[in-house]
Amino acid sequence: MKIDTSITLDANAPSGPIDQKWDKYRSQGKLVNPANKRKYTIIVVGTGLAGGAAAASLAELGYNVLSFCIQDTPRRAHSVAAQGGINAAKNYQNDGDSVWRLFVDTVKGGDFRSREANVYRLSQLSVNIIDQCVSQGVPFAREYGGTLSNRSFGGAQVSRTFYARGQTGQQLLLGCYSALMRQTGAGRVKIFPRREMLDVVVVDGKARGITCRNLVTGEVESYAGDAVVLATGGYSTVFFLSTNAVNSNATAVWRCYKKGALFANPCFTQIHPTCVPLQGETQSKLTLMSESLRNDGRVWVPKEKGDKRPAHQIPEGERDYFLERMYPAFGNLVPRDIASRASKRMCDSGHGVGPTGYAVYLDFADAVKRLGKDVVRDRYGNLFQMYHEIMADDPYERPMQIYPAPHYTMGGLWVDYGLQSTIPGLHVLGEANFSDHGSNRLGASALMQGLADGYFVIPYAIGNYLATSEVLKTKVTTDHPAFKESVASVAAGTKKLLSIKGKKTVRDFHWRLGRVMWDDVGMSRSQDSLTRAIEQIRALRAEFWEDVNVVGGGDFNKELEFAGRVADYLELGELLATDALTRNESCGGHFREEYQYPDGEAMRDDDNFAHVAAWKFNGDGQEPSLVREPLVFEHVKPTKRSYK
Amino acid sequence: MRFKLKIWRQSGPNVSGGFKEYEVDGVIPEMSFLEMLDHLNEQLVKRNEEPVAFDSDCREGICGTCGLVINGMAHGSRHECTTCELRMRQYRDGATITVEPWRARAFPIIKDLVVDRSAFDRIIQKGGFISTNAGSAPDANAILISKDVQEEAMDAAACIGCGACVAACPNASASLFVSAKIAHLGLLPQGQPERDSRALGMIQQMDAEGFGNCSNHGECEAVCPKGISILNITRMRRDYMGAARRVNPRKSGE
């Protein structure tokens with residue numbers, strides 16, 4: 001592994017006290033005057049909470065915005081599937097919450113691997129997000145008196161999570177989407193649905209456009225602008241089975257990495273504890289059951305190994321409520337990484353339930369007894385219905401069976417305080433960047449980060465970039481040779497995939513990659529498993545380029561879309577494993593078997609690994625090199641993370 | 001399990017299509033309907049045949065991407081269930097299943113089972129929003145909203161925009177979709193200032209896109225995977241009548 005010390009990663013956060021940094025950034029950043037804003041074109045890729053909010057907000061300011069998504073309409077981006085809620089330090093419950101406490105919880109929840117300045121800003125902006133969403137008509141849950149209601153989420157001892165039944169992501173996204181449609185109707189945004197970004201175009205060192213494939217006609221199109229905003233989500237589908245949508249992918253991010261954007265902390269992946277267990281090899285995805293269920297549900301397994309009795313025949317005294325036993329202070333509401341690993345440990349040691357033995361119970365019997373069926377239905381009705389459809393079983397009567405599944409990726413493209421990647425003009429928002437969640441994201445914080453980035457950070461950051469760079473003086477069009485080159489290379493890539501005509505399907509490769517990633521780079525990793533994984537991924541990649549069969553032509557062809565994504569995952573998977581192999585410690589979602597305390601808790605190494613590991617692409621077939629950004633904790637002293 | 005499938009195949013927008021029959025076996029009862037189609041497609045690819053094109057994304061019933069007419073019913077016959085949530089255990093082993101795309105003039109077919117629903121975006125552009133710029137909002141608790149009103153607004157806001165209502169309607173009307181948005185925003189205090197222009201703008205656009213009118217068949221409500229009530233159409237009509245009577249409605253969105 002090469003360490004590159006020639007590059008210095010500077011977060012560019014303003015100096016001064018942490019609670020004044022954002023104000024300072026806003027008041028000292030350069031501005032673009034209103035009349036000049038319409039001279040600029042901003043390309044926004046992705047229409048989830050981060051991308052949708054960014055596109056709408058930039059248009060509200062007067063910029064021309066081109067908005068791209070792979071879905072048939074911006075309203076379907078996978079933010080739509082977030083269930084439980086969104087955090088905000090409103091302290092409406094008078095229970096001791098504050099911006100400071102949300103900041104501390106998030107830094108600790110991230111196991112001291114995030115950047116303090118970013119997290120503090122996120123906590124500050126959380127309160128504005130709720131105001132903004134309510135003014136858009138987001139129907140958050142309310143009390144009888146008409147005020148907003150809150151629920152608790154993992155990793156916090158206050159109630160700060162706002163929610164709209166079990167469809168919070170959907171309602172927030174529809175808020176964004178309505179703002180985006182308003183701007184589209186007004187002519188300030190042009191939307192380009194069913195487009196897949198396949199390259200970023202860099203001219204004189206600055207991101208000036210994108211090349212994408214029109215998924216209907218198959219045409220390779222390119223678009224020029226003055227800045228590019230990337231909000232294309234995470235890479236959990238590298239595991240094949242995950243809670244993400246089947247079209248979620250890392251291609252846009254990966255192509256930017258290959259154009260010079262550094263990729264930070266790829267091994268920080270989150271395995272969500274409460275998902276419907278795997279049922280067979282033909283399954284296409286795993287379904288999440290919101291973390292909010294742990295508010296009222298109790299997690300248990302039989303005390304006796306291999307106890308095959310149905311749940312209701314196991315008496316209270318023979319049940320092990322293991323989260324309550326191991327973590328009395330937080331109980332069932334421990335953070336996701338802790339809960340997932342505890343469930344895995346119980347199943348690995350033979351206490352698992354269900355047909356495969358890889359599931360634990362999430363039991364609502366006590367909640368139904370305490371609150372009544374109607375209150376439980378009011379809180380979780382749609383989730384229970386979803387579970388019922390999948391498992392043909394009634395959670396009001398019998399406990400749910402759940403097991404962890406890949407859900408969210410904390411790693412992503414490296415960005416500075418202004419959300420700019422190492423390619424000037426390429427800004428990265430939401431799950432696609434790496435900055436706010438460290439090595440573990442707390443529940444209800446993804447929606448918060450996506451919207452903070454989109455509504456409130458990027459409008460200032462873009463203005464500052466445009467006013468200080470000279471992009472207006474050097475307007476480029478798609479006639480520039482860099483665009484022609486980009487189009488030619490994307491077209492050649494497509495042609496290559498179609499020409500292999502091997503014997504194995506795209507899905508077959510994705511499925512096999514997913515098995516390697518889950519078994520050897522999943523919830524726990526070791527030097528042996530990671531070394532093995534890297535070898536297997538390389539072999540699989542070689543096999544892919546010789547033996548994949550992409551049927552159909554270059555026009556509307558979903559097989560071709562997936563083939564390109566899987567090809568990228570066969571590279572990203574290796575980087576993920578390499579990063580995990582390099583990080584000789586356990587922290588948050590990254591658990592190395594060699595580095596644990598006797599009780600099985602993660603053993604962090606702050607002396608050697610309190611840094612962001614950002615990877616630089618050095619060409620196909622070349623080893624990437626590692627660039628480190630040291631993390632300094634001035635406000636929250638790193639301690640052993642304890643939820644006991 | 002084993003099934004005989006009659007699937008609509010159409011290679012592009014401006015060509016005629018037709019049903020093609022396929023046999024699929026090795027289906028397990030836990031499979032979702034779309035996983036069954038994935039399974040068929042894997043078999044087709046292995047035979048070097050072009051797979052059946054269909055849209056899907058979240059596969060948990062919330063994104064609204066999927067939508068097939070199964071045995072003549074939008075999203076199949078299961079109540080309040082999207083196509084992706086359907087499980088094969090609901091079908092008899094050996095059964096013949098017919099699979100078609102949404103059919104409506106305003107939803108042209110792109111390929112096989114994939115249709116173009118961009119008309120919905122254009123309707124929303126004509127007023128399906130509250131005009132509030134980022135940064136301008138008052139404190140979230142400044143305006144109180146009763147729990148009942150919020151619940152009713154939420155019921156309407158649950159629409160996933162899949163278009164099953166249009167596919168099921170004999171008139172291919174988009175009234176349930178449009179009314180759900182008009183009701184969601186019209187019930188809330190924040191939605192009042194633009195209530196008139198919203199109703200007028202969205203309904204005019206619905207007509208312009210070639211959707212039919214509502215004549216109270218109720219098929220939309222019957223197939224809606226999110227249980228959106230037809231009562232919303234009553235609300236929409238009331239808003240439209242009121243708005244049309246008032247003079248000089250302001251141009252929407254400005």
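Two strands are taken to pair if DSSP finds at least two bridges between them, where strands (E, at least two residues) and helices (H or I, at least four) are DSSP runs numbered from the N terminus. By that reading A:I42 stands opposite A:V65 in β3(A). The model is a predicted one, in which local features need pLDDT of at least 70 and side-chain atom pairs count only at pLDDT 80 or more, while totals for chains, interfaces and linings use all residues. Residues are numbered from 1 along each chain as its sequence is written, and chains are lettered from A and ligands numbered from 1 in the order in which they are written.

**Overall form**
- Chain A holds 17 helices and 20 strands, and its radius of gyration, taken over C-alpha atoms, is 24 Å, close to the 26 Å that the globule rule (2.2 Å times the number of residues to the power 0.38) gives for 644 residues, so chain A is as compact as a globular protein of that length.
- Of the 644 residues of chain A, 61% count as buried, that is, with 20 or more other C-beta atoms, placed from the backbone, within 10 Å of their own.

**The five-stranded sheet**
- An open sheet with parallel pairing has the order β6-β3-β2-β10-β18 in chain A.
- At its edges stand β6 (189-192) and β18 (426-428) of chain A, each with a single partner strand, so one side of each is left without a neighbour in the sheet.
- Within chain A, β2 (residues 41-45) and β3 (residues 64-68) pair in the parallel sense over five bridges.

Terms used: Buried ≥ 20, exposed ≤ 12 C-beta atoms within 10 Å, placed from the backbone.
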